[in-house]
Each structure stands twice: as C-alpha cells, then as structure tokens.
Amino acid sequence: MTVEWILTPERLSGAMALVASYACLCWSIAVKVRKQRKAEDAESSTSQGNAAAPAVLVVYGSQTGQAEALARATAQMLVDGGLQVRLLPVEKLTEDLLLQHAHSLWMLSTTGEGDAPDHALGFVQTLLSAHPQLPQHQALVLALGDREYQEFCAFGVEVHEWLQASGASSELICVDNMNAESLQTWQAQVGQIRQSLLGESAAQEPAPADWLQTPVSLPFVLSQRRLLNPGSQGGALYQLDWVPQAGELPLWESGDLVSLCVPADPERARDYSIASVMADGSLQLLVRQSMRADGSPGLASDWLCRSMAVGDALALTVRAHSGFRLGDNAERPLMLIGNGSGLAGLLSHIKARVEQGRSDQWLLFGERSPQHDALCAEQLAAWVQGGQLARLDQAWSRNGKDSRYVQDLLRSHAEEVRKWVEQGAAIYICGSLNGMGQGVHLTLQAILGEAKVDELLGSGRYRRDVY
C-alpha cells in the first residue's frame with residue numbers, strides 16, 4: 001500500500017468534505033450557545049411580561065440546574081398569566097431590588113453538607129448577612145434537598161428564616177428529590193399568588209392546573225457498554241453509549257447532565273455527568289457499579305451495569321447544568337480535577353476544548369491502581385502526545401509506597417497551581433464529595449488562600465460537580 005494510493009483525489013475530496021461538515025456542525029452549535037448566553041444575561045437585567053401589572057421577583061440558587069429550571073417555569077407561567085416578572089440568580093440580587101418588589105418567589109437548592117450553591121457565595125457573604133427592612137414583603141421559598149443528607153434543605157431554610165427576621169411574611173415548602181406532591185403544593189400556592197395579584201382578571205384566564213412541566217424525556221438505546229477497569233479492586237466502572245431510538249441527538253453542552261429512572265426504582269431520578277460532546281455521535285456516561293453498606297447492589301447502577309441488555313431502550317432526560325458549563329471560562333486556561341466516574345464531566349470539557357483548538361488544559365485525576373484503573377488511558381495519552389492536553393497528572397491511592405490522592409498532587413505542584421490561577425485559569429472539580437471534593441477544596445484554600453478561593457467561587461472561575 002503506497003501513500004499515492006491512499007491520497008487519491010476522490011479520497012482527498014471526501015476527507016475535505018467530512019472536515020467541512022464537522023466544522024459546520026461545531027459552528028452551528030457555537031452560534032446557538034452564544035445566543036442562549038446573551039439571552040440569559042439580558043433576562044436577569046430587565047423585567048418580563050406586562051409592565052403595567054404587579055411585579056414579582058423570582059430568584060434561584062441552583063447547583064445542578066433543577067432549581068433554575070423550576071424558576072424559569074415559574075416565571076414563564078406568571079408572565080403568561082399577565083404579571084410582570086424579574087428572574088435572576090441569587091448572586092445578582094441586591095437589597096434595592098428586593099425593596100422594590102412586594103412579592104418574591106425563591107427556588108433554592110442545598111449542596112454538600114447544608115451549603116448554598118457555589119454561585120450563591122456572594123449573596124451569602126453580603127446580602128444574607130445584612131438586615132434589610134421588609135415589613136410589607138411577601139415571600140414563598142421552595143427549598144430543594146435530599147433527606148439522605150442530615151442538613152436537608154438547609155440553604156432554603158436559612159433564607160426563609162432570614163426573610164422572616166427582616167420582617168417579611170415568608171412561607172416555606174421543602175422538597176425531597178423533586179417529590180411530585182410537594183411540587184404540586186408549590187404550583188397551587190404560586191397560582192394563588194397570581195390570582196391575588198390579578199384579582200378578577202385572573203378568574204377570566206385561570207392558570208393551567210399543572211403548569212410545572214417536567215423536562216422532556218426521550219427514549220435512548222444502549223448501543224454499547226464497555227468495562228473500563230477490568231481487574232480493579234474497586235467497583236466496576238463502565239462506559240455506556242446511548243443513541244436516540246429515533247431522530248437526532250438532543251442539544252447539550254459540555255458539563256451537562258442526564259437524569260434517568262430505572263425500573264427497580266421508577267420514582268427517583270438519578271443524575272449522571274455526560275462524558276461526550278455531540279460530535280461524538282452518542283451520549284456517553286461513566287457509571288460505577290455501587291454497593292450499599294449492607295453489601296447489596298445499588299438499584300440504579302446494578303441495572304445500568306448488569307441487568308439492562310445492550311439494545312434495550314430507556315428514557316433519558318438531558319438537563320442543562322449551568323453551574324458546571326464552560327460559560328465565561330471557555331476562553332480561559334482550565335484546571336480539571338477529579339476522581340473515579342467524575343472523569344465524565346471533565347472529559348466532556350476536554351473534548352469541547354479540543355474542538356475549539358485549545359490546548360491550555362491541565363487534568364489532575366485520581367483512581368486506585370495504575371494497572372487496573374487507568375481510565376481512558378489511550379485517549380488521554382493521545383491528547384498529551386498531540387499537544388491538546390497541556391498537562392496530565394495522575395494519583396493512585398492503592399499503589400504501594402507511591403500511593404497518594406488528588407489533593408497530594410495539588411500540594412506537590414502548588415507553585416504551578418498558583419501560576420495557572422494567576423494567568424487566569426478556571427478550576428473545575430468533578431467526582432466524590434467526601435474525600436476528594438472536600439480534600440481538594442481545603443488544599444486549594446491552603447495553596448491560594450481562603451479569600452482567593454472565595455473570589456474564584458464568586459466569579460464563576462471555580463466550579464464543582466461533586467456528589
């Protein structure tokens with residue numbers, strides 16, 4: 001086989017057509033993303049709806065996008081129902097804005113051990129520590145959480161109590177894992193607020209009974225399941241490739257999530273980071289087969305990793321995860337830090353950056369053993385060799401005398417970490433909260449200082465998807 005035979009005019013033109021098609025796909029996705037970001041920025045700086053109608057402030061604090069989605073649906077119902085609405089993330093709220101509105105609706109998630117979402121840090125440090133006078137203000141707080149955590153709905157409860165201490169009349173609804181009954185209560189109370197503000201005109205055009213529509217789920221077929229860590233002493237970790245049962249892939253960005261329910265537990269949705277970009281042609285997840293404390297397998301992971309057959313279909317919901325998207329960091333150097341199945345969210349960002357022709361990304365990743373847990377080793381090595389990944393540092397926690405964790409990597413490269421941050425780098429963390437997530441956070445505080453870490457969180461240059 002000669003080079004002249006391979007590079008025939010027909011083959012060359014075909015390759016050029018393929019490259020052009022791929023470039024058009026990337027360009028069209030980028031255009032859609034830019035338009036969406038501009039629309040979101042404009043949205044928070046102005047009111048929507050009938051300017052002559054009573055105004056309602058709709059505020060959200062969202063770690064994984066659920067609270068934001070609920071806030072958008074709530075705002076849309078109120079606008080469609082004839083009211084004036086100001087929708088904004090909690091960090092953009094000011095005391096003046098709060099004083100200008102007699103009514104506010106809050107959708108607030110709790111993350112970690114009772115913490116506010118990362119993007120809410122500025123609100124927590126400034127407005128939440130202030131004492132505005134709100135004697136005529138009426139508020140309704142929807143607090144999202146998970147009863148498996150001790151500090152259930154803690155951030156929403158804290159804001160509710162702060163509103164009451166400021167003199168406002170505030171009601172609180174706590175929601176466990178998007179419980180349908182609690183969300184119906186929320187819908188009913190928001191509907192009552194709309195009716196009280198519009199009076200007789202609300203009776204003429206009543207709000208739909210179930211306006212809080214859930215995100216659209218689509219049937220996907222499991223096209224491939226591949227074990228990534230054969231022989232590992234830890235739980236088996238699989239790459240699952242999904243394709244739509246019909247039609248095209250839905251639009252997503254790197255950092256977004258998939259929600260799904262398995263037959264063994266149809267009432268509780270699980271979220272998984274998407275490991276692929278649209279140009280891969282499939283939606284890819286990394287799922288570890290988990291075990292409970294009593295030794296029984298996890299319901300969702302056992303179904304996905306063992307029981308479900310390749311070729312079977314399952315409803316998947318692609319969810320925007322604005323708190324972990326690239327956003328304004330798309331033009332910055334990236335430090336990507338994670339462990340285990342958290343590699344999924346980091347892979348999607350690397351792939352998106354490779355598409356953009358960027359190479360200024362540094363991956364620091366931890367797993368158990370280099371012999372059995374070198375996840376996606378060939379792909380990572382190819383990116384390093386091709387200059388598309390500036391640095392790759394890996395920590396192995398079960399490697400004899402060389403055992404160490406991701407936070408140990410950071411400490412050993414502290415000077416480089418400081419340089420990258422000084423040069424404008426953004427930091428993304430994906431993986432387990434206990435151990436890795438907490439350890440990395442404390443190590444970054446030790447290297448950069450608590451004030452600098454808080455600044456990075458507040459500006460969106462430090463983003464976490466930990467669980």
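Is Cys 153 buried or exposed? Keep that in mind while we go through this predicted model.

1. Let's settle the opening question. Cys 153 is buried: its relative accessible area is 1%, and the cut-off for calling a residue buried is under 20%.

2. Cys 376 gets the same label by that cut-off, because its relative accessible area of 18% also falls under 20%. So Cys 376 counts as buried too.

3. Now for disulfides. A disulfide is a covalent bond between the sulfur atoms of two cysteines. How many disulfides does the structure hold? The count is 0. Cys 153, for one, is in no disulfide. The nearest cysteine sulfur to it belongs to Cys 174 and lies 4.1 Å away, whereas a disulfide needs the two sulfur atoms within 2.5 Å.

4. Next, have a look at strand E9, which covers residues 257–262. Of its 6 residues, 5 are buried, so E9 is largely enclosed by the rest of the structure.

5. Which strands pair with E9? One of them is E10 (residues 265–273), and the two run in the antiparallel sense over 5 bridges. E9 and E10 make a hairpin, with 2 residues between them.

6. A handy pair to pick out here is Val 258 and its bridge partner in E12, Val 318.

Notes: Residues numbered from 1 in each chain as written. Predicted model: local features only at pLDDT ≥ 70, side-chain atom pairs only at ≥ 80, totals over all residues. Heavy atoms only, no water. Buried < 20%, exposed > 50% of the residue type's maximum accessible area, 1.4 Å probe, protein only. Helix = DSSP H or I, 4+ residues; strand = E, 2+ residues; numbered from the N terminus. Pairing = 2+ DSSP bridges.
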